[in-house]
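Notebook open, structure on screen. I'm jotting down what I look up as I go.

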Amino acid sequence: ENKDINVAPDIDHVLKTLRLLDKNWPTQQRPNVTTTGKEVTGMCLGLIMALGQGAQCSYLTDCFPETTRYLVRFCRNTLPRTKAGNLFPFSSLQINYNYAAAKHVDGNNIGPSYIMSIGSHTGGELWTEDQGTINCYNKWKLFDGNKLHYTQAFDLKKSSSSQIGERISFIAFAHGLYSKVEPAVVKQLRGLGFTAARSDGIDDDFFVRFRIDRSYLSEENNQKFIQLKQQRLAQQDPRATLTKVGDAAVECYGRQAERGGGWMAIKLSASEQPTVLQLKPNSVGIWIAELKWKNFTHTSLELVKHHRLDFYKDVKGATNKFKDRIKNLPDGAPVILGIADTAAASSRPLGPKVYEILKQLGAPLDLPEIKYRVAWAMIGFKGAKPGTALTTVGTRSTLLRLDANFSLESQPGGSFTTKLTPNAAPDVTNIIDVVAGTGQDCAVVDNDDDDDDQVTGIPQGKKARVK
């Protein structure tokens, strides 16, 4: 069937070849992709973590090197090139047959992955946490294997060449240990056509940013980050930049750098230096500085309380406490909020009530979700109209700063209302840009649902539902 094995195959040729397996598809133990705990039909070719042996080529790769080489050649010749025009770097190729993977995060994947599904089926799109639904039917689509993802339900379709129909998906990715394998394994992987394999422990240019983003900063990179903070402090020290009563600022960053941290600052009165409040490193939850205008004069502010609400440990309890604290503040009371690690646990996110309370402080109606370990800060006041607070959200690799001014406007009848005015646009700095620089090679993102990158058609026929 494969006399032209040295010619790069197309989808139809690969499909015809894999149909020869018929009912003899190999199975795998992948408890993270199934809710039943049973084995699934599929195989991983190339680099895997072999029990008791370390990073090795999989058993099936050793047993069927020509089949591996053939399928890798198909991938190399159809995968999109990188921005610099290089081959996409992958050390491993996961092939799934007729099962819908449950919601999961890949365990040994650096992150950037390409997926394609082929065969007589409809549906089977890939849902991803950050991109939503991706149509990968007969075309390679880029996704992040370190984000939650799962396979949506699909219909198998009989055809003239397939009695039951099939959904076969390919995932090309780089194993987390691709740069730390034995030289003999590197030679084997390269000989099979895989494009990510080395033994010197140095990351390919393509993966530098991904590797940093998935872990904490090294000591070397932390020192670069500390230098950045020192430079920022020299240029934008809040004790020098907050000059008017009501000037406020907050700077914070997540646990990736220096285990998290930051500060809040407020100019309480004309006669005092700005008050600077530190955000303790590695402290979960949301830090809050509650303020109020002093009685009678309305020309100075008072710090009511600077504290941390631990949504990580007790979402319900912290939410109720947050509700009570804001309820007891007078209308117009300024509030500064920030994160020094993570607001909540990944498995116990902030609930709708938290966002409702934030809207009472001026958060926008469409405030993005404050996800696990993202950087976030906000400056607002009680009773502010939704959307009038100053707020921004980043990633776990973001250093951000907000600057604003609280003032009082007189109203008819002698009353006053709080006014919030931004002093500067939000400063959102990418920490990876600082420690690794920019300009690294990367994948070209093209996850639209057009058919302009579709490789071949798919036969039609009767349906059989798979969930």
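Which residue in E8 does Leu 126 stand opposite? I looked it up in this predicted model, and Leu 126 faces Ile 134.

Next I checked how those strands are joined. E7 (residues 126-128) and E8 run antiparallel, and three bridges link them. I then traced the whole sheet: it is open, has three strands in the order E8-E7-E10, and pairs antiparallel. E8 (132-134) and E10 (149-151) are its edge strands; each has a single partner strand, so one side of each lacks a neighbour in the sheet. For the twist I noted an average of 25 degrees from one strand to the next.

On to the five-stranded sheet. I read its order as E17-E16-E18-E19-E20, open again, with antiparallel pairing. Here E17 (301-309) and E20 (390-393) take the edges, and one side of each has no neighbour in the sheet because each pairs with a single strand. Neighbouring strands here are turned by 10 degrees against each other on average, direction ignored.

I zoomed in on one pair. Strand E16 (residues 286-293) runs antiparallel to E18 (residues 334-338), with four bridges between them. Ile 288 has Leu 337 in E18 as its bridge partner. Helix H8 (residues 315-327) packs on this sheet and touches E16, E17 and E18. I noted about 170 degrees between the direction of H8 and that of E17.

Last entry: Asn 221, in helix H6 (residues 219-236). Is Asn 221 buried or exposed? Its relative accessibility is 12%, so I logged Asn 221 as buried, the cut-off being under 20%. Leaving aside neighbours within four places in sequence, I found Asn 221 in contact with Ile 212 and Val 435.

Notes:
Residues are numbered from 1 along each chain as its sequence is written. This is a predicted model: local features need pLDDT of at least 70, side-chain atom pairs count only at pLDDT 80 or more; totals for chains, interfaces and linings use all residues. Side-chain values use heavy atoms; hydrogens and water are left out. Helices (H or I, at least four residues) and strands (E, at least two) are DSSP runs, numbered from the N terminus. Buried means under 20% relative accessible area, exposed over 50%, partly exposed in between (1.4 Å probe, protein chains only). Contact means heavy atoms within 4.5 Å. Two strands pair if DSSP finds at least two bridges between them. Axes are lines fitted to C-alpha atoms, for helices over the stretch in contact, and angles run from 0 to 180 degrees between N-to-C directions.
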